[in-house]
Amino acid sequence: MVIKVFLASSSGSTAIKKKQQDVVGFLEALKVDYAPLDIACNEENRMWMRENVPVEKKPSNGIPLPPQIFNEDSYCGDYDTFFDAKEDNTVYAFLGLPPPPGSKEAVEADKAHIVENGTHAEETNAEGNLDDSAEVPVEERNGDAHGEEEQAQEEGEGGEEEVAEGETADDEAMEGETAGDEAPAEEEEVAAEETDEARAEEEEDQEGADDDREEEDLQSEEEEELRQLEEEEEDVEETQEEEAE
């Protein structure tokens with residue numbers, strides 16, 4: 001199968017040139033083999049394209065514009081339909097080609113196939129399960145199961161009661177130990193507080209003694225200074241008396 005892309009190599013329309021480049025560039029990116037057919041230089045290509053584009057796909061004037069895409073003689077579409085297929089990841093379906101393994105389009109197709117087969121498989125399994133359940137009476141299937149469930153439930157309740165009693169005893173013992181630990185801790189806190197108070201009182205007494213000592217030293221210094229001043233005054237008076245004589 002050959003993909004044919006009809007182009008106009010010498011078109012004066014910028015929009016047509018851009019659309020042609022978009023189609024060709026995307027096909028090359030996908031590594032899709034295609035044959036570019038120029039309608040500007042080949043009148044046969046122009047006539048073939050106009051004749052094979054479906055009537056409902058032609059514009060109102062009846063003259064289709066490039067690019068137009070075909071798979072052999074089968075019409076794929078124009079630029080607008082190609083662009084929509086590119087946006088929806090269905091370009092290979094648009095071109096009539098099988099998508100390569102691992103492509104987004106192939107993954108989506110596999111998912112759709114799995115969904116269809118999975119639905120049928122679930123219906124088949126449901127029918128099989130109904131047939132299997134009909135072979136064994138309900139009483140025989142569930143009788144032993146109910147008996148085992150009741151026995152397990154009784155054993156579980158007895159075990160839970162024993163565990164609850166054991167946990168209660170452990171909690172009481174833990175509370176007793178905690179209370180015993182709290183009493184010495186309180187005594188230690190009281191002793192520590194008393195020690196801190198005694199230390200604070202000693203520090204206050206020491207500070208008071210230091211203050212008294214500083215006052216005494218200041219008083220002694222002042223007295224010494226007064227004594228020296230008195231002696232200096234006496235010396236000055238004696239000197240003046242001697243000079244007067």
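Predicted model: local features only at pLDDT ≥ 70, side-chain atom pairs only at ≥ 80, totals over all residues.

A: Happy to. Residues are numbered from 1 along each chain as its sequence is written, and side-chain values use heavy atoms, with hydrogens and water left out.

Q: Great. How many salt bridges are there?

A: Three, taking a salt bridge as a side-chain nitrogen of Lys or Arg within 4 Å of a carboxyl oxygen of Asp or Glu.

Q: What does Glu43 pair with?

A: Arg46, with the closest N and O atoms 3.4 Å apart. Both sit in helix α2 (residues 43-52), three residues apart, which is about one turn of the helix. Helices here are DSSP runs of H or I with at least four residues, strands are runs of E with at least two, and both are numbered from the N terminus.

Q: How accessible is Arg46?

A: Arg46 is partly exposed, at 22% relative accessible area. Glu43 is also partly exposed, at 47%.

Q: And which residue does Lys86 bridge to?

A: Asp22, at 3.2 Å between the closest N and O atoms. Lys86 is in helix α3 (residues 79-87) and Asp22 in helix α1 (residues 14-29), so this pair ties together parts 64 residues apart in sequence.

Q: Is Lys86 buried or exposed?

A: Buried, with a relative accessible area of 17%. Asp22 counts as partly exposed, at 21%.

Q: What about Asp73, who's its partner?

A: Lys4, with an N to O distance of 3.8 Å. Asp73 is in the loop between β3 (68-71) and β4 (74-78), while Lys4 is in strand β1 (residues 3-7), 69 residues away. Asp73 is exposed, at 54% relative accessible area.

Q: Switching to pockets: how much space is in the largest one?

A: About 190 Å³. On a 1 Å grid over the protein atoms alone, a pocket is an open set of points where a 1.4 Å probe fits, with protein on both sides within 12 Å along at least five of seven lines; lining residues have an atom within 4 Å of a point. Points are joined across faces, edges and corners, and the volume is the space filled by probe spheres set on them.

Q: Which residues are closest to its centre?

A: Of the 14 lining residues, Lys19, Leu65, Pro66, Gln68 and Asp78. Helices α1 and α3 each supply at least two residues of the lining.

Notes: Buried < 20%, exposed > 50% of the residue type's maximum accessible area, 1.4 Å probe, protein only.
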